[in-house]
Amino acid sequence: MMTQKVLAPSGSPQLIRWTKRTVLWLFLIAIALLSLFPIILVLLGSFKTNQELTGGATIWPKIWQFSNYAQAWRTANFSGFTINSVFVSISTTVGTLLVASMSAYAVDRVNFKGKKGTPCSWHLLCLFP
C-alpha cells in the first residue's frame, strides 16, 4: 500500500502565517543591516590610515592601525572628558533617585484630590519631550 503526502492547500492558515512571519523577519533583518552599516563603516574607518580614509575605495583597511585609538586618547584629552562624564552621570543618577523616591513616597502616602488621575497624567506628559 502506497502512502501519499498530503500538502496543505495554498491558502491554508499555516502557510499564510508562515509567509507573513518570513516576510516580517526579512524586512526586520534588512532594516537592521541598513541601520548598522554606517556604524560598521565608521568603526572600520577608525582603523585606517589618513590616506586610506580620505582615498575612499575600500571598506576594509589594508593595514590595521590600532595606534589610532591611543593617539586620539592623548591628543583629544579623552581621559578628562571621561572623568567628567562619569561624574555627571553618577551625580545625576543619584539626584534623580533621591527626588523620585521622595516624591513617590509622598504621592503614595498623602491623600489629595485627583490622586487617581495623577499617574495617568504623568504618563501622558512623558509622551511629549
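Q: Which residues do ring pairs link into a cluster?
A: Phe 47, Trp 60, Trp 64, Phe 66 and Tyr 69. Rings of Phe, Tyr and Trp (its six-membered ring) pair if their centres lie within 6.5 Å; planes under 30 degrees apart count as stacked, over 60 as edge-to-face and the rest as tilted. Bear in mind that this is a predicted model, where local features need pLDDT of at least 70, side-chain atom pairs count only at pLDDT 80 or more, and totals for chains, interfaces and linings use all residues. Residues are numbered from 1 along each chain as its sequence is written, and side-chain values use heavy atoms, with hydrogens and water left out.

Q: How many aromatic pairs does this rule count, and what describes a pair of rings?
A: A pair of aromatic rings is described by the distance of the centres and the angle of the planes. Here the count is six aromatic pairs. Take Phe 47 and Phe 66: the ring centres are 5.2 Å apart and the planes sit at 65 degrees, so this pair is edge-to-face.

Q: Where do Phe 47 and Phe 66 lie?
A: Helices are DSSP runs (H or I, at least four residues), numbered from the N terminus. Phe 47 is in the loop between helix 1 and helix 2 (50-55), and Phe 66 is in the loop between helix 2 and helix 3, so the pair ties together parts 19 residues apart in sequence.

Q: Is Phe 47 buried or exposed?
A: Buried means under 20% relative accessible area, exposed over 50%, partly exposed in between (1.4 Å probe, protein chains only). Phe 47 has 13% relative accessibility, so it's buried, whereas Phe 66, at 56%, is exposed.

Methods. Helix = DSSP H or I, 4+ residues; strand = E, 2+ residues; numbered from the N terminus.
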